[in-house]
Amino acid sequence: MTHYKRPGSRLRRPFILGLTGSIGMGKSTAATMFEREGVPVFDADAEVHRLQGPGGALVAAIEARFPGTTGPRGVDRQELSRRVLGNRHELAALEAIVHPAVVRAQKKFLARHRARDVVVLDIPLLFEKGGWHRVGAVAVVTAPMWIQRKRVLRRPGMTNAKFKAIRGLQVPDRVKRARADFLIETGRPKSETHRQIRRIASCFHTQ
């Protein structure tokens with residue numbers, strides 16, 4: 001774990017900790033552990049699922065731009081992924097629909113928790129989309145590549161080609177690790193990962 005200076009009471013509340021990591025690194029597990037430590041977590045992926053799920057606010061806009069990608073259960077994520085992966089123009093069109101809605105939800109989350117010492121923004125593409133400029137520190141979730149590959153290829157509908165395409169859109173893990181204020185290693189027993197997260201969370205509580 002890279003150590004960040006203990007901020008104490010001088011921090012503006014809430015302190016915003018960005019949580020990120022490449023696909024399959026265990027970021028969702030880390031986010032759950034922060035919540036167990038009493039730290040509110042905004043999960044960008046979960047918000048996207050909600051917006052794209054049955055009755056979701058973005059379903060109509062996505063269907064209009066990508067006909068045939070939605071149904072009674074909301075957005076067919078595998079079909080939508082097939083349409084946009086490897087096509088930067090189509091991916092940019094999807095992001096233009098999704099990102100503003102996620103940002104609005106994020107602002108509401110921050111307003112709701114403005115009295116807390118620290119909150120976590122769980123954002124997969126924190127470095128890729130410039131979100132790191134808007135957080136006070138960054139925690140990167142990481143694991144050895146063989147563990148990452150094993151985890152990802154267990155997912156339904158995942159192939160080596162799709163995994164390679166997704167990784168091509170993400171800042172390499174080694175670069176993320178070099179830019180991190182904290183490293184959270186998940187290629188080890190969960191109890192050790194949880195200890196790392198407990199130490200991180202303790203840095204941001206006022207004295």
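**Exercise 1.** Decide whether phenylalanine 15 is buried or exposed.

*Solution.* Phenylalanine 15 has a relative accessible area of 8%. Buried requires under 20%, exposed over 50%, with partly exposed in between (1.4 Å probe, protein chains only), so phenylalanine 15 is buried. The model is predicted, so local features need pLDDT of at least 70 and side-chain atom pairs 80 or more, while totals for chains, interfaces and linings use all residues. Residues are numbered from 1 along each chain as written, and side-chain values use heavy atoms, without hydrogens and water.

Repeat the step for phenylalanine 204: its relative accessible area is 1%, so phenylalanine 204 is buried.

**Exercise 2.** State how many aromatic pairs the model contains, then classify the pair of phenylalanine 15 and phenylalanine 204.

*Solution.* Rings of Phe, Tyr and Trp (its six-membered ring) pair if their centres lie within 6.5 Å; planes under 30 degrees apart are stacked, over 60 edge-to-face, the rest tilted. The count comes to 3 aromatic pairs. For phenylalanine 15 and phenylalanine 204, the centres are 4.5 Å apart and the planes make an angle of 20 degrees, which puts the pair in the stacked class. Helices (H or I, at least four residues) and strands (E, at least two) are DSSP runs, numbered from the N terminus.

**Exercise 3.** Classify the pair of phenylalanine 42 and phenylalanine 109, and find which elements it joins.

*Solution.* The centres of phenylalanine 42 and phenylalanine 109 are 5.6 Å apart, with 50 degrees between the planes, and the pair is tilted. Phenylalanine 42 lies in strand β2 (residues 41-43) and phenylalanine 109 in helix α5 (residues 88-112), so the pair ties together parts 67 residues apart in sequence. Now check accessibility: phenylalanine 42 has 5% and is therefore buried. Phenylalanine 109, at 5% relative accessibility, also counts as buried.

**Exercise 4.** Locate histidine 194, decide whether it is buried or exposed, and list its contacts.

*Solution.* Histidine 194 sits in helix α9. Its relative accessible area is 14%, so histidine 194 is buried. Setting aside neighbours within four places in sequence, histidine 194 is in contact (heavy atoms within 4.5 Å) with Met33, Arg36 and Glu37.

**Exercise 5.** Decide whether arginine 134 is buried or exposed, and give its separation from proline 124 in sequence and in space.

*Solution.* Arginine 134 belongs to the loop between β5 (118-122) and β6 (137-142). With a relative accessible area of 55%, arginine 134 is exposed. Proline 124 and arginine 134 are 10 residues apart in sequence, and their C-alpha atoms are 14 Å apart in space.
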